[in-house]
Amino acid sequence: MTKDEKQKLRKIAELGCSLCRHQGNEGTPCEIHHIRRSGVRSSSPVIGLCPYHHRGSNTSIHGMGRKRFEREYAITEEQLLVQTKNLLNAST
Ligand SMILES: [Zn+2]
Ligand SMILES: [Zn+2]
């Protein structure tokens, strides 16, 4: 991993959980979630998700699966990624 990549990960972590932010709670401590896109082998994009939204059994992207997660929270992983990218750009 390059220095730039490390710094980007750190910034994403500092933004907090992208879904909590979407729900109006900024800065929830988060873990890094890698978005898996079929057919793309190079580095996968990442977003921040708190443990509750990352791996909680019935509340998270891994616990429920992406489809249910997106239906439950009415937002897609890709939309969370766009919001994360916008925030990163705004802060630099
Ligand atoms: Zn969260
Ligand atoms: Zn994950």
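Colleague: What makes the arrangement of the four donor atoms around the zinc ion (ligand 1) tetrahedral?

Modeller: The four donor atoms subtend angles of 105 to 113 degrees at the zinc ion (ligand 1), and four donors count as tetrahedral if all angles lie between 85 and 135 degrees, so the arrangement is called tetrahedral. For orientation, the ideal angle for four tetrahedral donors at a metal is 109.5 degrees.

Colleague: What kind of model is this, and how are its residues and chains labelled?

Modeller: This is a predicted model, in which local features need pLDDT of at least 70 and side-chain atom pairs count only at pLDDT 80 or more, while totals for chains, interfaces and linings use all residues. Residues are numbered from 1 along each chain as its sequence is written, chains are lettered from A and ligands numbered from 1 in the order in which they are written, and side-chain values use heavy atoms, with hydrogens and water left out.

Colleague: How do you know which residues coordinate the zinc ion (ligand 1)?

Modeller: Donors are N, O and S atoms within 2.8 Å of the metal (3.2 Å for Na, K and Ca), and sites may look incomplete because water is not among the atoms. Cys17 (SG), Cys20 (SG), Cys50 (SG) and His53 (ND1) coordinate the zinc ion (ligand 1) at 2.0 to 2.3 Å, with the spacing C-x2-C-x29-C-x2-H in sequence.

Colleague: Why can the pair Cys17 and Cys50 be said to tie parts together?

Modeller: Cys17 lies in the loop between helix 1 (3-15) and helix 2 (18-22), whereas Cys50 lies in the loop between strand 2 (46-49) and helix 3 (51-55), so the pair ties together parts that are 33 residues apart in sequence. Helices (H or I, at least four residues) and strands (E, at least two) are DSSP runs, numbered from the N terminus.

Colleague: Which residues are the protein donors of the zinc ion (ligand 2)?

Modeller: His33 (ND1), His54 (NE2) and His62 (NE2) lie 2.0 to 2.1 Å from the zinc ion (ligand 2), and these donors follow the spacing H-x20-H-x7-H along the chain.

Colleague: Why is His54 called buried, and why is His62 called exposed?

Modeller: Buried means under 20% relative accessible area, exposed over 50%, and partly exposed in between (1.4 Å probe, protein chains only). His54 has a relative accessible area of 10% and is therefore buried, whereas His62, with 52%, is exposed.

Colleague: What makes the link between the side chains of His54 and Glu31 a polar contact?

Modeller: The side chains of His54 and Glu31 are joined at 2.7 Å, and a polar contact is a pair of N or O atoms within 3.5 Å, where within protein one must be able to donate a hydrogen and the other to accept it, and residues adjacent in sequence count only if both atoms are side-chain atoms. His54 itself is found in helix 3.

Technical notes
Four donors count as tetrahedral if all angles lie between 85 and 135 degrees; four count as square planar and six as octahedral if opposite donors are over 155 degrees apart and all others between 65 and 115; anything else is irregular.
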